[in-house]
Amino acid sequence: MSGFGYLVGLHSADALVEAVKAAKAAGFVRIDTFTPQAIEELEELLPSPNRVPLLTLLGGIVGGAAGYLMQWYSATQAYAINVGGRPLHSWPSFIPITFETTVLGAALAAVVAFLWGSGLPRLHHPLFDIDAFALASSRRFFICIRAQDPKADQAQAWLQTLGQPVYEVKQ
Amino acid sequence: MALPDQPAVSRGTPELAPGYSAGSITERIAHIVLHDPLGWRWTAVFGVASLGVLMFVVATAYLFAVGVGIWGVDMPVAWGFALTNFVWWIGIGHAGTFISAVLLLLRQKWRTSINRFAEAMTLFAASIAGLFPILHLGRPWFFYWLVPYPNKMTLWPQWRSPLIWDFFAISTYLTVSLLFWYVGLIPDLAALRDKTHNRRKQFWYGLFALGWRGETRQWVSFNRTYWLLAGLATPLVVSVHTIVAMDFAIGNTPGYHSTLFPPYFVAGALFSGFAMVITLAIPLRAAFKLQAFITPTHLANAAKVVLATGCIVGYGYITETFTAFYSGNEYERAMTLDRAVGTYAPLFWLMLFCNVAVPQLLWLRRVRHHIPALLTISILVNVGMWLERFIIVTQSLHRDFLPSSWGSYTPTRWDVMLYVGSIALFVFLFMLFIRFLPLISMAEMRELVQEEKQP
């Protein structure tokens, strides 16, 4: 099968979790779900790699190091002024800004990692062509078996057993 | 295959009225944005606020043309209304971050329906706060000299000054608050995109929703990011008001020079901020009939935070006075006595009444659940906290070391115009927010329905 996959909308989160379990039991491997809110069980059933925490840590380290180095460079190298023999590298007073740039770097990295990891921004998506998919952001819990699934040819028939209309999503 | 395919319906708890499903709760909140239920009343408030903003613009333009001489500031009182307003507004902002970040980390369910508008409050209050130090600069058009960038003069900022720390703190705070707010908004923007039938709205909400589809990997990323941002915002909010306090504490003026300032300022910030949340929540729930979502429990819990932080602030006043006498420093002692009996004494006593006496009423359960009483107390706390900032900024400066250099400060009409104008600017931004964005997070309310569903 070509295209994006087959899609079914269910009425409750519990039904969706059951459906995903059943689909996995039936041997489908490329399962996607689209839900109005986060559902914890799905996170365990459909694990996906998530780099947000690691990138946030790296962002914080880079931000903090850059903030401190900037102050060190400007206070001791670029613009060294001796005021009453006080040390040029007065590290305690560099801490507040180092803290702020750490937080800034981490937060920016977190948001970039979030967008990257969730495939955003994306202005159009094949799913948006399905009218019923508009309910995915408020009350409908969708399960989709992707066209790349090795058993994709059985997907339509299997999804029909869920008792709701099955939509074919074109690429 | 038999599936339990019935939508979850809320069973009714102190945080959420019974009978709401994911669909109906989305419908109810999106309706406010998509159908403008207030009509002319919104336009009337917005119109009045716009006039106030115009006044703010006029006062700013005149300030740019003539200089800070139009204000009442002079030596020795070089910090007048501008710095008072700065500290007051930034403090108000902190409650939004506290609600959205700290209460999230503590898994407090009652934050869910108030975090969105509290975050908007943070964003607007912090932006307005950020304007005042810039207006105060004397040559505000050179404010970018605070930014460290390679320049022709080969100059760098003074890293040992709290004023430059402040610049980094406020700009980081604004950026992180904006990111936190926007990330939280993305699923709601997608819901609005899907709900509306208006082409123009579909386009704009769709654009800002960035193509959100609610995929499981998107929700996983979203939650990780949201919690991490909350974890980052929590120490950030403490650092911001700490640094604001250091603007004062690092100077050697009696009344400024105290290690008490950072914790005392942070408590004061939460105190005024939660009072502002109550001040905003009560009219909002009445105007949009949101009593099912913003329940008396929400207001009573916020009132408890006001009471707790109010007690810390009161303790701060006692410690400050005690330290002044215990230190044996005659300047500190004279400043403290002047606070109680000098030129600004009526304001000092009014401040104690608003910040220490009035909040004690909140010990009574009946007062915490009495809506008009809560609104009155929260407004008095806001007045009291503004007075506190004014007294710290102004009264401390007007009597410092040498009697020959004493002076006094009287605000001019331009001071007052900028202050009132800044409140109008806040109302203006807030009205735009409630008109175009959902003032309660729909995604989080749906999660709440799922958690509190009928068995």
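Tutor: Trp145(B) lies in the loop between α4 (115–135) and α5 (162–195) of chain B, where helices (H or I, at least four residues) and strands (E, at least two) are DSSP runs numbered from the N terminus. This is a predicted model, in which local features need pLDDT of at least 70, side-chain atom pairs count only at pLDDT 80 or more, and totals for chains, interfaces and linings use all residues. Residues are numbered from 1 along each chain as its sequence is written, chains are lettered from A and ligands numbered from 1 in the order in which they are written, and side-chain values use heavy atoms, with hydrogens and water left out.

Student: Is Trp145(B) buried, partly exposed or exposed, and what is its relative accessible area?

Tutor: Buried means under 20% relative accessible area, exposed over 50%, and partly exposed in between (1.4 Å probe, protein chains only). Trp145(B), with a relative accessible area of 38%, is partly exposed.

Student: What is the order of the strands in the open sheet of chain A?

Tutor: Two strands pair if DSSP finds at least two bridges between them. The open sheet has 4 strands in the order β2-β3-β1-β4 (chain A), with antiparallel pairing, and its edge strands, β2 (31–34) and β4 (166–169) of chain A, each pair on one side only. β2(A) is joined to β3(A) by 4 bridges, with Phe142(A) in β3(A) as the bridge partner of Phe34(A).

Student: Which residues cover the two faces of β2(A)?

Tutor: Ile31(A) and Thr33(A) on one side, and Asp32(A) and Phe34(A) on the other, are all buried.
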